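Please read the following report with the sequence and the model side by side, and look up each residue as the text comes to it.

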Amino acid sequence: MINYLKAYLIIIIAGFGTATVAQSVVYYPFNSVLGISTNPSKAIWLDVKFQTNSYFSSLSTDISPEINLKKTPKSITYLGGGLKMNYLNAIENNNILEGYFMNFGVRLMPFEKYKKVQIAFEVSPYAGRKFDIGVFRTNFGIGYNFSR
């Protein structure tokens, strides 16, 4: 379990350490999820999502690299995949890996005057660690990109 924690911390440090000052924050209010990412305007970027309305025993974290498929002045379309992890499982000697997911998303910049404000929509199929369960997740939220 400790090895998973070390690997996760290395990924986080490497992902955000290589990031420029440009970061993006998205809040998905219907799912109570906070997303923090490196600059989504880049071709490849890192996205981390945290549960914000949950018991402490089920604080899940999604981490995924994303690849931009198409970028226009008004939208960014991207694809990625990653891991859903819960590091509090290590306290009870349980596996911290909860499952796997893919993301297909669009970030829209609909306001000409406020180009840093983004509307985010994602479709994210999820499978449990043992592939015994699956959920078709969607996320809809509002965000802010600190640079363009």
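E112 forms a salt bridge with K115, and the closest N and O atoms of this pair are 3.2 Å apart; the term salt bridge stands for a side-chain nitrogen of Lys or Arg within 4 Å of a carboxyl oxygen of Asp or Glu. E112 is exposed, with a relative accessible area of 51%, whereas K115 is partly exposed at 39%. For these words the cut-offs are under 20% relative accessible area for buried, over 50% for exposed, and in between for partly exposed, computed with a 1.4 Å probe on protein chains only.

This is a predicted model, in which local features need pLDDT of at least 70 and side-chain atom pairs count only at pLDDT 80 or more, while totals for chains, interfaces and linings use all residues. Residues are numbered from 1 along each chain as its sequence is written, and side-chain values use heavy atoms, with hydrogens and water left out.

The structure holds five salt bridges, and the table lists three of them, including the one already described.

| Salt bridge | N to O distance |
|---|---|
| E112 and K115 | 3.2 Å |
| K49 and D47 | 2.5 Å |
| E122 and K49 | 3.1 Å |

Salt bridges that share partners join D47, K49 and E122 into one network. Are the residues K49 and D47 buried or exposed? Both of them are buried, K49 having a relative accessibility of 5%, and E122 counts as buried as well, at 0%. The pair of E122 and K49 links distant parts of the chain, since E122 belongs to strand β7 and K49 to strand β3, 73 residues apart.

The strands themselves can now be placed in the overall arrangement. Helices (H or I, at least four residues) and strands (E, at least two) are DSSP runs, numbered from the N terminus, and two strands pair if DSSP finds at least two bridges between them. Strands of a sheet pair through backbone hydrogen bonds, either parallel or antiparallel. Here eight strands close into a barrel in the order β1-β2-β3-β4-β5-β6-β7-β8, with antiparallel pairing. From one strand to the next the twist averages 25°, where axes are lines fitted to C-alpha atoms, for helices over the stretch in contact, and angles run from 0 to 180 degrees between N-to-C directions.

Two of these pairings can be followed residue by residue. Strands β5 and β6 run antiparallel and are joined by eleven bridges, and in β6 the bridge partner of I76 is R107. Strand β6, residues 97-108, also pairs with strand β7, residues 117-128, in the antiparallel sense over eight bridges. Within β7, V123 is the bridge partner of F104, and F121 is that of V106.

The loop between β5 and β6 contains N86, which counts as buried at 1% relative accessibility. The C-alpha atoms of N86 and T61 are separated by 6.1 Å, although these residues are 25 apart along the chain.

How many aromatic pairs does a search of the whole structure find? It finds four, where rings of Phe, Tyr and Trp (its six-membered ring) pair if their centres lie within 6.5 Å, and planes under 30 degrees apart count as stacked, over 60 as edge-to-face and the rest as tilted. One of the pairs is formed by W45 and Y78, which are edge-to-face at 5.0 Å centre to centre, with 70° between the planes. W45 lies in strand β3 (residues 44-51) and Y78 in strand β5 (residues 75-85), so this pair ties together parts that are 33 residues apart in sequence. W45 is buried, with a relative accessible area of 2%, and Y78 counts as buried at 0% relative accessibility.

Another edge-to-face pair consists of Y144 and F146, at 5.1 Å centre to centre and 70° between the planes. In this pair Y144 is partly exposed at 35%, and F146 counts as partly exposed at 46% relative accessibility.

Aromatic rings also meet charged side chains, and a charge sits over a ring if NZ of Lys or CZ of Arg is within 6 Å of the ring centre and within 35 degrees of the ring normal. K84 lies over the face of Y126, at 5.0 Å from the ring centre, and R137 lies over the face of F101, likewise at 5.0 Å from the ring centre.
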